[in-house]
Amino acid sequence: MQDFEKWTLDAIRSDGASLSWLEEYRFEWTTVVELAISQIMEGKTIVLITDKERKWFEKYISLSLNKVSTDRPIIPVVSIDNLYCHYDDVSGAKMIDMIDDMLSMSYKDDYFFWYIGKGEDKRVDIAKRKDTSFLWLFDEDFHNAFNMKSYDALLDIKLLQLFNLFNLSLSAVLFGEVEVE
């Protein structure tokens, strides 16, 4: 079985010049992706959260992660907005605690957050509280996060490329081609 970091580097290089930007950030990338995939392999549910500008990407992930053509086990993924339709109105630690309690009761603590968006957005607050969160943060350096710039002219393209690489990585782990720690 191949090492995840080596497999990722090979996958980046095999995609040609389009993913070359990621090569210098591959260690940051593999760290957060390994944690997320390990949690998926443990049977945890993904609770997906995005900022308002990335709602399109949340929908894309929800529709693409479990395509029938993928021919692999179905990955449990839900949007925070589908779990609590008033999530945008949540503010303050007490409300966040209540949402977290609801999720803990519903999923028996077998869930983790996947957040994509600006680090200053209040929608990320619940995910930042957990070290197990899978964070793609813009304009903020944060531990255990993959950091990007919101003003990058190619940001949307990079998000799609990252999701594609994540999806390929997940399949490779599920089918025993690659090992995560």
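Modeller: A quick term first: helices (H or I, at least four residues) and strands (E, at least two) are DSSP runs, numbered from the N terminus. This is a predicted model, where local features need pLDDT of at least 70 and side-chain atom pairs count only at pLDDT 80 or more, while totals for chains, interfaces and linings use all residues. Residues are numbered from 1 along each chain as its sequence is written, and side-chain values use heavy atoms, with hydrogens and water left out.

Colleague: Let's start with the strands. Is β4 mostly buried or exposed?

Modeller: Buried means under 20% relative accessible area, exposed means over 50%, and partly exposed is in between (1.4 Å probe, protein chains only). Strand β4 covers residues 111-118 and is largely enclosed by the rest of the structure, because seven of its eight residues are buried. So β4 is mostly buried.

Colleague: How many bridges join β2 to β4?

Modeller: Two strands pair if DSSP finds at least two bridges between them. Strand β2 (residues 45-50) runs parallel to β4, and Thr-45 has Tyr-111 of β4 as its bridge partner. The number of bridges joining β2 to β4 is six.

Colleague: β4 also pairs with β5. Which residue of β5 stands opposite Tyr-115?

Modeller: β4 and strand β5 (residues 134-138) are parallel, with five bridges between them. For Tyr-115, the residue opposite is Leu-135.

Colleague: Now the pocket. How much space lies in the largest pocket?

Modeller: Rolling a probe the size of a water molecule over the atoms shows where empty space is left. On a 1 Å grid over the protein atoms alone, a cavity is a set of points where a 1.4 Å probe fits but cannot get out, whereas a pocket is an open set with protein on both sides within 12 Å along at least five of seven lines; lining residues have an atom within 4 Å of a point. Points are joined across faces, edges and corners, and the volume is the space filled by probe spheres set on them. For the largest pocket, that comes to about 200 Å³.

Colleague: Which strand gives the most to the lining of the largest pocket?

Modeller: The lining includes Trp-21, Tyr-25, Phe-146, Asn-147 and Met-148. The biggest share, three residues, comes from residues 145-148, which form strand β6.

Colleague: Over to Asp-51. Which side chain makes a polar contact with the side chain of Asp-51, at 2.9 Å?

Modeller: A polar contact is a pair of N or O atoms within 3.5 Å; within protein, one must be able to donate a hydrogen and the other to accept it, and residues adjacent in sequence count only if both atoms are side-chain atoms. Asp-51 lies in the loop between β2 and α4 (55-64), and its relative accessible area is 2%, so it is buried. A polar atom of its side chain is 2.9 Å from the backbone nitrogen of Lys-118. The side-chain partner is Arg-54.

Colleague: Last one: which residues does Trp-56 touch, not counting those up to four places away in sequence?

Modeller: Contact means heavy atoms within 4.5 Å. Trp-56 belongs to helix α4 and is partly exposed at 35% relative accessibility. Its contacts are Asp-156, Leu-159 and Leu-160.
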